[in-house]
Amino acid sequence: MERPLNRIVTLDEFIMRSQKEHSAATGELTGLLRDIGVAAKIVNREVNKAGLVNILGVDGAQNLSGDIVQKLDIYANDKLIECLQNSGECAGIASEEMQDILPFKPVVGKHPKYVVLFDPLDGSSNIDVNVSVGTIFSIFRRKSDETGPCNLEDFLQKGTEQVAAGYVLYGTSTILVYTTGEGVNGFTLDPSIGEFCLSHRDIKIPDRGIYYSVNQGYYLKFDLEMRRFIDQCSDMNLGLRYIGTMVSDIHRTLFSGGIFLYPNTRKYPNGKLRLLYECNPMSFIVEQAGGKAINTGLDRIMEINPEELHQRATIVAGSPDMVGEMIDFVRKYSAVSSV
Ligand code: AHM
Ligand code: MG
């Protein structure tokens, strides 16, 4: 893509310019990304008011304008649905907050090609204490006929089939980071103009970093090889950073380098994080930035065949050298312990 002019490039302008570089593009994906950008701005406004909940009303109460106050994750879920449904570019959605897929009613004259999966508010346990949260999304081209409703098969695709994925981090500033498989770009929300502006072009993850990121509180609940690997991280004088919001932990890892792990525990024998809503989209971003993302069985996350919507996966993602070292460590450890 050509270099940006020496001026502000908004998310809308950037995705329109990217679309023009693909002569076969119909604008539908562009439309979807824009819809997600709009939903993110609405959610951002609400997240910023989260601390006022006792003044504005708690979940279920009526606020001063007479609206029923919703939990923020449900609010985010509803806004994403509304924004994606209105344009008619999306055949249906699946959300971490909903049991089943939601096929959208057809819009006259539209035959949408894509379905979207999302975690509307990742890290929601952090909201009440003013710690950053995020939204994660993943877009697939549907497999079913475009003239009819979408079906489950459209959503149960391997991560390698994603046409786009990204996240929004509602942090000290709000940033939207996405990929369509041609690198990763980040857009910071300028609240004074209400636009996401290109701030981080062609993000590349450092080969290594100085942090490891894992819920060390579960140390005794991890498998032995994972405990030994974590010991090695500590022996190497890596610092421990763990926010407890995957979006934030991966975002830091993307920019500073490092390794993020959510292994299996006794409570979550297959890991806690969701393959379709969290692991796949974040892995697409990490890989597009030059990193690696695997599960603790050393399979590439994006090659896992999903069997159900809310399937969980273990994950190890981050700087290529550090994930590479984890792979070597686990292989060596298994070879020695099987003797
Ligand atoms: P959520 O989507 O319900 O918020 O849960 C997912 C979150 C991730 O953001 C984070 O990495 C993980 O749960 C933290 O879990 P834990 O508190 O077990 O470390
Ligand atoms: Mg989540």
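The model is predicted, so local features require pLDDT of at least 70 and side-chain atom pairs count only at pLDDT 80 or more, while totals for chains, interfaces and linings use all residues. Residues are numbered from 1 along each chain as its sequence is written, chains are lettered from A and ligands numbered from 1 in the order in which they are written, and side-chain values use heavy atoms, with hydrogens and water left out.

**Magnesium site**

Select ligand 2, the magnesium ion: Asp119 (OD), Asp122 (OD) and Glu278 (OE) coordinate the ion at 1.8 to 2.2 Å. Donors are N, O and S atoms within 2.8 Å of the metal (3.2 Å for Na, K and Ca); water is not among the atoms, so sites may look incomplete. Along the sequence, the donor residues follow the spacing D-x2-D-x155-E. Colour by accessibility next: Asp119 counts as buried at 1% relative accessibility, and Asp122 counts as buried at 5%. Buried means under 20% relative accessible area, exposed over 50%, and partly exposed in between (1.4 Å probe, protein chains only).

**Ligand 1**

Display the residues surrounding ligand 1, of which there are 15; the closest are Asp122, Gly123, Tyr242, Met246 and Tyr262. A residue is included if one of its heavy atoms lies within 4 Å of the molecule. Oxygen atoms of ligand 1 lie 2.8 Å from an N or O atom in the side chain of Asp122, 3.2 Å from a polar backbone atom of Ser124 and 2.8 Å from a polar side-chain atom of Asn215.

**The sheet**

Strands β11 (residues 259-262) and β13 (residues 315-318) pair in the antiparallel sense over 4 bridges. Two strands pair if DSSP finds at least two bridges between them; helices (H or I, at least four residues) and strands (E, at least two) are DSSP runs, numbered from the N terminus. The open sheet has 5 strands, in the order β10-β9-β11-β13-β12, with mixed pairing. β10 (239-240) and β12 (292-294) stand at the edges, each with a single partner strand, so one side of each is left without a neighbour in the sheet.

**Asn77**

Finally, select Asn77 in helix α4 (residues 72-87). Asn77 is buried, with a relative accessible area of 5%. Its side chain makes a polar contact with the side chain of Ser95 (2.6 Å); such a contact is a pair of N or O atoms within 3.5 Å, and within protein one must be able to donate a hydrogen and the other to accept it, with residues adjacent in sequence counting only if both atoms are side-chain atoms.
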